[in-house]
Amino acid sequence: MLSTKGHVIERLLQGAFICRTTDEDGWRFLMVPGNREEVDVYLGQLNRQVATVGTGADGEVFFCGYRQFDDDERKVISQQFRDICQALTPIAEWLVLVQEAAAQDAPLTEGAPLRLNELQTVIEDTPALREQLGRISHYRLFGSTSPTVDTQVKLVFKRLCELGYLIRPNPEKQIYLATGKLDYLYEVIRFIDEAEGLGLEAQAELASQGQLL
Amino acid sequence: MSGTLRQSGVRFLRQLGRQAEPIMDAYLAGSVADDTLEPGVQERLVKDGILYRPEPGADLHLRRVVRALLEEALRDERNRQIDANTGSALASFKTLADHYKEAHHHGDHAAAEVYLADLREHVYAFGETLQHGIRVLWSRINNEFGYVGTLNAKIRENELAQTQVSELLSGLELVSFQALAETAGDLRELRHLLVTNLQRTLSACTQELSIVQGRLLELLGRFREIRGRTRLLKGWLLHMEQHPDYEVAPHAAARSVPRLFNQAAPVLAPASLDIHDPTLEAELLALLAPIRAQQTQDRPAQSLGDAPELTLHTPDAFEVRSSPIRMAVDAYFCQVIDSGQAISALDYHQQETLPWDAESWLYQVIGGYDGLPEAQKHHFELDMIGEPHPLYSGNFIIRDLRLWLA
């Protein structure tokens, strides 16, 4: 049997994001600074380190980052950055769709449950949401060619599970949980917003005030 | 006097009980229309101070005290009222304490007793009001302001709660124990009530209020973050819509990679099984068992309809044909037996001008020898003629074979 430490190291080296939802034991282990240091020392031999992102005491997400950069590492990171930038818009649209369908004012965050059947029913009953889903599922990230809501929704969920944004704790139920990787995505948008001075929050607020008027 | 008070109190409570339904309707709906109540009932309720008309022409509303009683009894979470008026409470303490002191001074013990009881009631009520306020705050924190729908409303509610907390705290600051001690003078009862008791209540409440304040700030931070995220998402989509040719700058290519994008490539692939490890035998067998079970299940079951008709007939005769090279090897063995001498396999090959190449022939002879039954085998000896490999030890190159009778 692998110890928690071994398990955490294995998951990190596989490129996984460790958050409370995906791996509570590992997450608790890494929340202890001493343990994190031990893992860090081990990963240091492979030119890697424990990286964290997130806010608050419960929202931390751990993943594996490089310690030093050479050309190869830079290439990998640039490729990953391109990948995540391509995923930003489709996933952001999907998150807004989910939020609107559930009539909630909070977007999906780590640990939030999502019921595929409920979502599907709402989307099927609302033409605007149906159209939105059609557009989202035809993005290359999801790559659907199907015209029916049923297959589109299922494909989008399947892809999001593959990409690690959702998990399905019980394979017999259509209940999904959002993972810490979604929080990572928010951080990426926030970073781009701050780095390029896009003022996204102000834009959104202005637009919503415009709607109110 | 207390007899009449008691009677009218009981009558009042009965009145409440009798009119429970219209009162609860008024509580839930906020008001009752004139025509829903019988005129007599309405008049009585207004006269007893249970309902009142806030302005001419308006519907009847529940009096604040009755509403507060219900909110408290029902633990209604919409109850936002918090009484932070410490100043007036302190003033009433002082007044009652002065009454008590005067009566005490004049030796009127009966009156002093009444004043003390009154003061005690006020002090306890003050503590109770504070604790009630804190309880209300906690109940709002615990369900995260669940009684309002939108996030913005929650943020506003949180801000209201924060001002209430700071008002309560600044009210508590008004309490000066020095002044209270002076008021109490050297009267033991008074000192106990105004100093010891109040101090205990206040320190507990102040401590709890500071915790409440911390939690409120934390919640507010979370609400703001959630709102920030929603705005971030919508802002991003809006931006992409307004600037279709927008491309994210290559942040990850900067000289110093931002921490956020420093994500290492996965390096670990699943390990393979070591089937030679005897310690794993139990696990391996356990793994193997379901695979076998699956295979037998997966085998397509032929339906009976597809099966050809089964008929019994004598099987076609067939014979096993031995290959010519095997027959040649047998002939070679016979030759050795006949001559009783050792014969080289290659010599025999040349002598008989066999069609196969020498190497195949040698292999076949070795195969033929090894293939003999054990009883026959030890009648023969097979010598391998050759030399070890010049470079690689352990390799023996066979040039020729010699078979002879043992």
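## Helix crossing in chain B

In this predicted model, H11(B) passes H13(B) in a right-handed crossing, the near helix being turned clockwise from the far one by less than a right angle. The axes of helix H11 (residues 324–339) of chain B and helix H13 (residues 358–370) of chain B come within 10 Å and cross at roughly 70 degrees, so that H11(B) and H13(B) are roughly perpendicular to each other (a class that covers 65 to 115 degrees).

On the side of H11(B), the contact is made by Ile325(B), Val329(B), Tyr332(B) and Phe333(B), and on the side of H13(B) by Gln364(B), Val365(B) and Gly368(B), where contact requires C-beta atoms, placed from the backbone, within 7 Å. These residues divide into 5 nonpolar, 2 polar and no charged, with Gly counted as polar.

## Chain A and its sheet

Chain A comprises 9 helices and 5 strands, which are DSSP runs of at least four and at least two residues respectively. Of its 213 residues, 32% count as buried (20 or more other C-beta atoms within 10 Å of the residue's own).

An open sheet of 3 strands in chain A has the order E3-E5-E4 with antiparallel pairing, a pair needing at least two DSSP bridges. Its edge strands are E3 (113–115) and E4 (166–167) of chain A. Helix H5 (residues 116–125) of chain A packs on this sheet, touching E3 and E5 of chain A, and its direction makes about 55 degrees with that of E3(A).

## Conventions

Residues are numbered from 1 along each chain as its sequence is written, while chains are lettered from A and ligands numbered from 1 in the order in which they are written. Local features need pLDDT of at least 70 and side-chain atom pairs count only at pLDDT 80 or more, whereas totals for chains, interfaces and linings use all residues.

Notes. Axes fitted to C-alpha atoms, helices over the stretch in contact; angles between N-to-C directions. Parallel < 35°, antiparallel > 145°, perpendicular 65-115°, else oblique. Contact = placed C-beta atoms within 7 Å. Buried ≥ 20, exposed ≤ 12 C-beta atoms within 10 Å, placed from the backbone.
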